[in-house]
Amino acid sequence: MDMGRESRWEKDAMAVEIVFALVTAAVLAGVIFAVAWAFILVLDLSGSAGRGVLVGGALLGAVAGVWRLVRVLRRFDEQRRLGH
């Protein structure tokens, strides 16, 4: 009977960890993009320079978001395998 509960608890913990990873990855990507946007506003960039900074910020934000997502999920998997 307890095995069923543990299994359910593990599934719930996994779901919480996935949502945490997705939310923190999205927030990190958004913050990086916002910094790029603020950089454009502060330096008063326009035209292709501004567009280039926005594209660079979006790409950097996406890469950082994916990195965060993978890092959190791999750390959770390692801890789960160790039994923590």
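1. Arg-68 belongs to helix α2, which spans residues 47-82. In this predicted model, Arg-68 is buried and yet forms no salt bridge. The nearest side chain of opposite charge is that of Glu-17, 7.3 Å away, whereas a salt bridge requires a side-chain nitrogen within 4 Å of a carboxyl oxygen. Apart from neighbours within four places in sequence, the contacts of Arg-68 are with Phe-20, Thr-24, Ala-25 and Leu-28.

2. How many salt bridges are there? The count comes to 2. In one, the side chains of Asp-77 and Arg-80 meet at 2.8 Å, N to O. These two residues are about one helical turn apart, because they are separated by 3 residues in helix α2. Asp-77 is partly exposed, with 24% relative accessibility, and Arg-80 is likewise classed as partly exposed, at 40%.

3. Asp-77 also meets the side chain of Arg-81 in a salt bridge, at 2.9 Å from N to O. Both residues lie in helix α2, 4 residues apart, or about one turn of the helix. Arg-81 has a relative accessibility of 65% and therefore counts as exposed. Through shared partners, the salt bridges join Asp-77, Arg-80 and Arg-81 into one network.

Note on methods:
Residues numbered from 1 in each chain as written. Predicted model: local features only at pLDDT ≥ 70, side-chain atom pairs only at ≥ 80, totals over all residues. Heavy atoms only, no water. Buried < 20%, exposed > 50% of the residue type's maximum accessible area, 1.4 Å probe, protein only. Lys, Arg positive; Asp, Glu negative; His and termini not counted. Contact = heavy atoms within 4.5 Å.
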